[in-house]
Amino acid sequence: MSLISRFASLFRAHRLDQDLQEELRTHMEMRAEDNMAEGMSEEEARLDARRKLGNPAVLTENMREQDTLQWLETVWQDVRYGLRQMRKNPGFSVMAVLIVAIGVGAGTTLFSVTDTVLRKGNGAYPNSERFAVIWALFPRQNQRVYNFTIPEYQELRDQPQIFEKTGILVGFNGTLMVDHAPERTLCTRISVDVIPMTGVKPLLGRNFLPEEDRPGGPLVAILGYELWQRRFGGNPNVLNTSIRLDDENYQVVGIMPPLYHLWGGELWVPYQLDVANDDRANRRIRIAILLRRDLSEPQANARLQELATRWTNEHAGTNPEYEGMKLSFWNVHEWVVRGYKTSLMILLAAVGLLILISCANLGSLLLSKASTRRREMALRSALGARRGRIVRQLVVESLILSFLGGGLGVLLTIWGVPAAVSLVPELPNGPQATLTPLALLTAIAMTVLTGVLFGLAPAFYSAHTDLTTAFKEGSGQAGLSGSGHALRNVLVVAEIAVSLVILAAAVLTIRTFRQLSQLDLGFQPRNVLTMEVTLPESRYRQPSELVDFFHRLMPRLQALPGVQYAAVTTGHPMLDRSVDISFQDFELEEKQGQKDTPNANFRVVTPDYFRVAGTRLLGGRYFNDEDDADHPGVVVVNKTMAQLFWPNGNPLGKRLRLGSRTGEFIADPHAVQGSDASVDPWVTVVGVVDDAKQIDVIEVPVRQEMFLPLMQRGSRRDMTLLFRSELDPVTLTDAARHAIQSLDPELPVHEVFTLDQLVSDAFGPKRLTMMLLMFFGVTGVTLAVVGLYAVVALSVRQRTREIGVRMALGARRIDILKMMLKVGLRLGSLGILVGLSASFGATRVLRSLFVNIDPVDSGTLVAVCAGLGIVILFASYWPSLRATRVDPMAALRQE
Amino acid sequence: MAPKDHLSGTLDLLILKTLAQAGPIHGYGIVLYIQRVSDDLLRVEEGSLYPALHRIEQSGWITAEWRTSKNNRRARYYKLTPAGRRQLAKEEQSWDRVVQGVASVLRFA
């Protein structure tokens, strides 16, 4: 009976018992019948039958026990034997265990990280596949728009052929007051449909009601789970009480389940849209949609494009920016997971390859082991061991190795997951990443599979051993038969090829990454500290109070020891995405009266902003302290803006009128604007600065951008402070905090980062890919080289006699060296050839990950191959050298 | 196969031989057959018959199936497998050797 069916019989014990009981009963009945035929009374007959057989229950029990014991006994025998084998070959065992540990450890680590990032929470809702936000492209303005006007929203809402539902999302920073402690909270205004659109129900309480989503409706709020835990101690009685947000009372009506980060916020309030507003110029709302279930992405885009064309036809007359417009959408979940998905998928592939390499290595190790154990196996089968028993023995041995390795691998994972996560500070959900149950399951499956597969291969190979040949091969160093050799060679070639692919990918990634990190950002991120302050409405009511605060603060910050320059700006560099979606309409003096409205991104800054950021001045001047409310309005524009609007002339001295259409900043409709209505809308270009990356270092192209002096335009409530220092900028944090709080002791300082850190976070996904690919590449090459070394070494050992004969016949050492080197180099170059062609495919995949990459970077590939070739040469050289030291006499006598 | 205690293996040998001779047969039938063929010299310990059958079945030398007996009773019928046939040949050989061995010892004793 096979191992499996015997194992299964443990679980079938009950059924077995029933069979047996019935069989014993039949037996007793037959005996009793015969007894009666011989003249016994019925009772006597039965008693006799029972006496002869014994108690059926006890009998059954004994038999079951014997079964289990026997099975356990033989397995235990195999295990003990396996352990003894391992102790006899400590080098082999350690090697095998490490190989499996590396494979399982690396695989499980990455699997855990991927599992956490892509699956857990993270805005992954039941509907996240279809939950998206709409954006529009206005080519006339060189602008991508994520905000829409109310009439546009009304029309989008009326498109049942594309969307199942539509809703509004607008994020803002609110100040939440709990027990007199203010906290800046990421809040989102949403329409009543948005939470149902995600397919998630509140954990406690309810969603908003339609009547709460009308202008003038009651002020209600839904809390995120984490906020509820953090600020309200998870107290369910918070429900239906009032909380203080931005100096208004909101009634809490619901609490969302954990890890619900709709639009990155922790608190939601109804948008209360005024549907009567028909202003087609004031873009203020972001539109969330739930795609129809039956539409593919291209189909939905095609239908949206039909709509965009209709809008162009209907409105381009009054709103020229509609000319040639495009409408599309992006998936919110994918945005949250951002570039990580591709990176992680590529890494998963790399891990898969690494596991393949370690499997191949283990297989080839066990195979060579099997070859040296052929005599043992032949002896055992001569002594009558059945083939199944030998196979089982080998599989058990391989399973012991793989389980030790797998266990070690899982331990590595526990340490490896935090290590992997720490490489990428911005990884969504990173800190929550642990060994996930799914990953653990995969690890176990991987372990068992490795153990069984690579126990079976050599097992069947040994089991097929023909006794006579095995014995004839003599001496304990029996070699592999032809098929065994071929299998091992294939494994080694595959290992080299696969590790070449990983290595090529890694080197390519590094090269590209270096290119990217040397990319001209347009600013100098080194030694810059950034932090945010939010001036609460309760204490800073008037726009002039905001300006005044910074007017008084700046000299103090400037005077701090170690500070070279200090500045204030709207929009946290690299961090605040609103910079790219808040833009200012304007009119060029020379084109006044035209309907076409240009616009540009903008920042409101204090004079030293450019010096802190390290932005180059291309013409004119930076701002200075004279650019205040008493002097004429000025503006500094970036290179893109200068080229776009004054392609042939000098922009310096040109005038433009801000807010031509709406006459107001439309940066953030809910932030109080510091600009007085009396501020002169006319500004003169006084300087041109170099383009600077605005958000998301790599992918997003630079838009036209203008800079306005804070002392002329007023301040927002949320402002970012920037410091350039000669010292480690982090050391400034406390001094800056003190300076700020000497003006306003209750003002919290938050989002403290160095600019370096923010830039490097923007590289996060790429860096993760790079580091891990490199790690896998090096691991893969190490494993492959070990495999090659082992093959050559074994071949030397097997051919000792042949070498002895050759030497006795006059072969020189160099001939022997060449002969043995050829073994390794042939396999190595075959592996490189195969790997090379596979690498072409791999680099094509990598191109999807990085922009600006050579399609096939032949230089890189050549370098990688050369490097690998040298390593292969060394791996074949050492064992070959040993061949030249063979003493011909000793080799010939050895028999 | 490791050397075996041949005397305790005797029951196995008898069972295998019985099945070879008498074809598919149930447990009670084995008892009766051995008793009859040995002219009442050998009586199988019924309590050890079933553990032995079970062990031999586990070794893959015999198989069993439920059938209805002549007098309409459901019984478990045992049958030799090819592996069992080979095993029987082996055990018969080694039994012969044991008998020879024991006989020669007795002759010289």
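This is a predicted model: local features need pLDDT of at least 70, side-chain atom pairs count only at pLDDT 80 or more; totals for chains, interfaces and linings use all residues.
Me: What is chain A built from, in helices and strands?
Reply: Chain A has 28 helices and 23 strands.

Me: How much of chain A is buried?
Reply: Of its 895 residues, 54% are buried.

Me: And the contacts in chain A, what share join residues at least 24 apart?
Reply: That share is 83%, counted among contacts between residues at least 6 apart in sequence.

Me: Now chain B. What pattern does it follow along the sequence?
Reply: The order is α-β-α-α-β-β-α, which gives four helices and three strands.

Me: What percentage of chain B counts as buried?
Reply: For the 109 residues of chain B the figure is 42%. As for contacts with a separation of 6 or more in chain B, 50% are between residues 24 or more positions apart.

Me: Back to chain A. How many residues are in the largest nonpolar core?
Reply: The largest nonpolar core holds 46 residues. Those with the most contacts inside it are Phe550(A), Leu557(A), Leu656(A), Met706(A), Leu721(A), Phe723(A) and Ile740(A).

Me: Which helix gives the largest share of this core?
Reply: Helix α17 of chain A, residues 543–558, with seven residues.

Me: Take Leu721(A). What is it in contact with, leaving aside neighbours within four places in sequence?
Reply: The contacts of Leu721(A) are Leu529(A), Thr530(A), Met531(A), Val533(A), Phe550(A), Leu553(A), Leu557(A), Ala567(A), Val568(A) and Ile740(A).

Me: Then Leu722(A): which strand is it in, and is it buried or exposed?
Reply: Leu722(A) is in strand β22 of chain A, residues 718–725. It counts as buried because its relative accessible area is 2%, against a cut-off of under 20%.

Me: What does Leu722(A) touch, not counting residues up to four places away in sequence?
Reply: Leu722(A) touches Val528(A), Leu529(A), Thr530(A), Tyr565(A), Ala566(A), Ala567(A), Thr569(A), Pro573(A), Tyr609(A) and Val612(A).

Me: Next, Leu137(A). Where does it lie?
Reply: Leu137(A) is in strand β1 of chain A, residues 131–138. With a relative accessible area of 26%, Leu137(A) is partly exposed.

Me: What is Leu137(A) in contact with, leaving aside neighbours within four places?
Reply: Gln143(A), Arg144(A), Met325(A) and Lys326(A). Met325(A) is 188 residues away along the chain, and its C-alpha atom is 5.5 Å from that of Leu137(A).

Me: How do α1(B) and α2(B) cross?
Reply: The axes of α1(B), residues 10–22, and α2(B) come within 10 Å and cross at roughly 95°. The two helices are therefore roughly perpendicular to each other.

Me: Which residues make that contact?
Reply: From α1(B), Leu14(B), Ile15(B), Thr18(B), Leu19(B), Gln21(B) and Ala22(B); from α2(B), Ile30(B), Tyr33(B) and Ile34(B). By class they are seven nonpolar, two polar and no charged.

Me: Last one, between chains: how do α4(A) and α3(B) cross?
Reply: The axes of α4(A), residues 56–88, and α3(B), residues 46–58, come within 10 Å and cross at roughly 30°. That makes α4(A) roughly parallel to α3(B). The crossing is right-handed.

Me: Who meets whom there?
Reply: Leu59(A), Met63(A), Gln66(A) and Asp67(A) in α4(A) meet Gly47(B), Tyr50(B), Pro51(B), His54(B), Arg55(B) and Gln58(B) in α3(B). The contact has four nonpolar, four polar and two charged residues.

Technical notes
Residues are numbered from 1 along each chain as its sequence is written. Chains are lettered from A and ligands numbered from 1 in the order in which they are written. Side-chain values use heavy atoms; hydrogens and water are left out. Axes are lines fitted to C-alpha atoms, for helices over the stretch in contact, and angles run from 0 to 180 degrees between N-to-C directions. Angles under 35 degrees count as roughly parallel, over 145 as roughly antiparallel, 65 to 115 as roughly perpendicular and the rest as oblique. A crossing is left-handed if the near helix is turned anticlockwise from the far one by less than a right angle, and right-handed if clockwise. Contact means heavy atoms within 4.5 Å. Ala, Val, Leu, Ile, Met, Phe, Trp, Tyr, Cys and Pro count as nonpolar, Asp, Glu, Lys and Arg as charged, and the others, Gly among them, as polar. A nonpolar core is a set of buried Ala, Val, Leu, Ile, Met, Phe, Trp, Tyr and Cys residues joined through side-chain atoms within 4.5 Å. Buried means under 20% relative accessible area, exposed over 50%, partly exposed in between (1.4 Å probe, protein chains only).
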